[in-house]
Amino acid sequence: MMTRTKYRPAEIERKWQADWDSQGIYYAKDDAPNPNYYNLVMLPYPSGDLHLGHWYNYTGIDAHGRFMRMRGWNVSQPMGFDAFGLPAENAAIRHNIQPRTWTLENIERMRVQLRKMGACWDWPRETVSCLPDYYKWTEWLFLQFYQAGLAYRTKAPANWCPSCNTTLANEQVVNGTCERCHTLVIRKEIDQWLFRITKYADELLDFSGLNWPEKTVTMQRNWIGRSEGAEIRFVLRVEQEKVEIPVFTTRPDTIYGVTFFVLAPEHPLVGRITTTEQQKAVEGYVDQARRESEIERMSTEKEKTGVFTGAYVTNPVSGEQVPIWIADYVLMSYGTGAVMGVPAHDQRDFEFARKFGLPIRQVINPPEEEPSDPATWTEAKAHYGVMINSGPFNGTPLEEAIKAVTRYCEKQGIGKATVSYRLRDWLVSRQRYWGAPIPIVYCEKDGIVPVPEDQLPVLLPDEVEFKPTGESPLRYVSEFLNTTCQKCGGPATRETDTLDTFLCSSWYFLRYIDPKNDQEAWSKEKIAKWLPVDMYMGGAEHAVMHLLYARFFVKALRDMGLLNFNEPFTRLYHQGTVLGPDGQKMSKSRGNVVAPDDVVDAFGADAVRGYLMFMGPFDQGGPCSIQGIEGVSRFLNRVWNLVQDSAEAFSGAAVVDTEIGREIKRTTHKAIKRVTTEYEHIRFNTALAGMMELSNALIKARETEAVRTAEYRQAIAVLLKLLAPLAPHITEELWHQIGEHESIHVQLWPIYDEALTRDAVVTVVVQVNGKVREKLEAAPDASEEEVQALAMASERVKANLGGKAPKKVIYVPGKLINLVG
Ligand code: ANZ
């Protein structure tokens, strides 16, 4: 006989966490007999504290991982730290602490917090990107990209944050400002390293076979921004010399509507073509444009600005001369940096022409419309249509127009069909200390020389001084900087920029599979056992950067022969966002932060986990409420008491084969079916609702004879198993209390009998002309036709109807059928 004890989460949670750790039940073997399931969550940055958002994300992956384990998969759910990056360096500048010390201390604190969640982390696979045994291979990968021609160095304009004193990737510029400090980003030309992601633009647009949120796929598509169109060369003479300026256009069919021409202010020809009279105005404008970010320049809200260069260019198709302007709405980084201005059919050009009094000429007539005077228009007509005012092309129908003009240009040798992408090459160098060193040296004689692989890693020196100079602090560490050239033995200097942390996080999921390998980055055989990742969970904010880079990495490494699959993440899931109790984003300044440590201390990890998953649909998130946590905590207490009070069920002989037992069995199987389906679809909230229903039914049954049936026993065991993925500690404890010796987390998921999930049969009374003649059993949802057929099968009923079909049938579903003869 068990004596009833109180549910004390703190005690049992600590106890079971230690037990699981010591047995290593969550450490996946590579050669388990059951199939492998790679259950991955985006690794955290070691900021020092797990917040409730982390808990939300990690409980979701953990509940899913545990569910899959119990369904027979060999699940690996690794954890690690994306440990290079700016905050550590900023802390170093602010508090005079070595970034490594700051980072490793934070990691230690977070490991403790991660253990408190009771998640099934596969700890032996842990990787920390700032440690030499990891970044050695980041460096090695850089060299592989370099040798494959996918890493190159060039002088190019970079987004530059004047406050952080560093370059930023396009993705790190938010509304024209630095994503970290919100300072306005400017553009600056410096030598930098880039990865040729654009080579994979087309393949990255192919998402076939991936189970990814549609929204993320769309965001990646837009980010890559593939446009089909044509490049057409306009011509001008500069001091007798013929100069050709290509434009990229998606609408060659509008070529007769070109009334002006626009160059990006940074276009290399601007200086050459500008007339003396216009020089001052042009220089002033160029200067001003340099201070603006690309995002600002592209804004559709911004009033159009621009300056006439004094030069004219010839439209190679119509032969017409049009003025050349410069304007900031044309970007140097897209297409060719030059645009043919068609104000009648392009909104930006329309606004520009209106602002500067340039002519607007309609050359496309949308279907079912009459041409009209552009002076009366309030906006451009961007639709496709029949070509008009277009010389020999007049009347070309909409379907033909683009092709016809493109073909003409190709024949004349003045242009060609082409594809343009928004995607730019990935800028990977940072003028920072706290990142993986770029394994390159510069020699006066031999130029760029890669560090030989057997000399990796290039170690980050510990002794550095942090000054926000805009240059990497490594530049001032002479022992690091000065080295010898591997080719000529002469003096050389090391690259002092370090790698963007997005590079470290583009391959960590490969290293998890073989984290201790000191001979190679990974063993291909081991990788083949686990990858691609079966489930990847993380925030939707990573839709373009991390998730695109990781896909690029896998494709590039495949082409280098280092991997043999095409996509890193087969299934992607974005959890929602947990908000403060006031429905606002949690922030210290709002004072609405719910700290996981506090609520875990008060209610236990299981209640917090359960609550987070019960709060609402997992992909939506929502406001967090303490009352909500209390509610789930009460539920767990009810389960605790239910199991403890069921002692009788687990002692003595069970009563078998009673109606009451069968009823419990049906309830149980229905619950298994419902909860299983909900878990399969990552609907933890409704899964938990199903468990609550089952526990309520069992609480009721406890008051009856049912408590002594074998089915009741089974039902309790089932309830614990269903709950185990969400509340791993309490279920483990109760599982042992009911006499089991092996962990509940290595048990198999309960299976249900479909037949038992249907409701029991009901008894239907059969009347003939109002008199009871028969009773029959039918499914409660049986239709009138089915019940009538069953009734007519009875000899008694047939006899009472005189062998005829009834004239009229009255059916009360599940209860009575009256056949009137
Ligand atoms: C003439 C034209 C007529 C255009 C028309 C559009 C409509 P997407 O679809 O985004 O690829 N463009 C080309 N290069 C540009 C640059 N560097 N900066 C700003 N705009 C640029 O856009 C392609 C269109 O954007 C091109 O087609 C060009 O304007 C403009 F009725 O050419 B179009």
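Predicted model: local features only at pLDDT ≥ 70, side-chain atom pairs only at ≥ 80, totals over all residues.
**Entry 1**

I started at Pro457, which sits in the loop between β20 and α13 (478-481). Helices (H or I, at least four residues) and strands (E, at least two) are DSSP runs here, numbered from the N terminus.

Residues are numbered from 1 along each chain as its sequence is written, and side-chain values use heavy atoms, with hydrogens and water left out.

I found another cis peptide bond between Leu531 and Pro532, with omega about 0 degrees. Pro532 is in the loop between α16 (524-530) and β24 (535-538).

**Entry 2: a positive phi**

I checked Asn96 next. Its phi is near 55 degrees, a positive value in a residue other than glycine. Asn96 belongs to the loop between α3 (86-95) and α4 (99-116).

**Entry 3: the ligand**

Which residues come nearest to the ligand? I get Ser227, Thr249, Leu331, Tyr334 and Arg422, out of 18 residues around it. Near means that a heavy atom of the residue lies within 4 Å of the molecule.

I then went through polar contacts, meaning pairs of N or O atoms within 3.5 Å; within protein, one must be able to donate a hydrogen and the other to accept it, and residues adjacent in sequence count only if both atoms are side-chain atoms. Thr249 has a polar side-chain atom 2.7 Å from an oxygen atom of the ligand. For Arg348, a polar side-chain atom is 3.2 Å from a ligand oxygen. For Arg422, an N or O atom in the side chain is 2.7 Å from an oxygen atom of the ligand.

How much of the ligand does the protein bury? Taken alone, the ligand exposes 640 Å², and the protein buries 88% of that. These areas come from the Shrake-Rupley method with a 1.4 Å probe; for residues, only the protein chains shown count as cover. Two or more residues of the shell come from each of β9 (241-249) and β13 (338-341).

I also sorted the shell by residue class: 8 nonpolar, 6 polar and 4 charged. The classes put Ala, Val, Leu, Ile, Met, Phe, Trp, Tyr, Cys and Pro under nonpolar, Asp, Glu, Lys and Arg under charged, and the others, Gly among them, under polar.

**Entry 4: the sheet with β7**

I traced an open sheet of 4 strands in the order β4-β3-β7-β17, with antiparallel pairing. Two strands pair if DSSP finds at least two bridges between them. The edges are β4 (166-168) and β17 (426-427), each pairing on one side only.

Strand β7 (residues 186-195) is joined to β17 by 2 bridges, antiparallel. There, Phe195 stands opposite Trp426 of β17.

Helix α5 (residues 132-147) lies across β3 (151-161) and β7, at about 90 degrees to β7. Axes are lines fitted to C-alpha atoms, for helices over the stretch in contact (heavy atoms within 4.5 Å). Angles run from 0 to 180 degrees between N-to-C directions.

Back at β20, I looked at its partner. Strands β19 (residues 440-443) and β20 (residues 447-450) pair antiparallel over 4 bridges. They form a hairpin with 3 residues between them, and Tyr442 has Ile448 as its bridge partner in β20.

**Entry 5: the mixed sheet**

What is the strand order in the mixed sheet? I read β29-β28-β31-β30, an open sheet of 4 strands. Its edge strands are β29 and β30, each pairing on one side only. Neighbouring strands are turned by 20 degrees against each other on average, direction ignored.

Strands β28 (residues 762-768) and β29 (residues 771-778) pair antiparallel over 7 bridges, with Val765 bridged to Lys775. They make a hairpin with 2 residues between them, and Asn769 in the turn has a positive phi of about 50 degrees.

On its other pairing, β28 runs parallel to strand β31 (residues 816-820), joined by 4 bridges. Val768 has Leu819 in β31 as its bridge partner.

Last, I checked Lys808, which lies in β30 (residues 808-812). Leaving aside neighbours within four places in sequence, Lys808 is in contact with Asn818, Leu819 and Val820. The C-alpha atoms of Lys808 and Gly821 are 7.0 Å apart, with 13 residues of chain separation.
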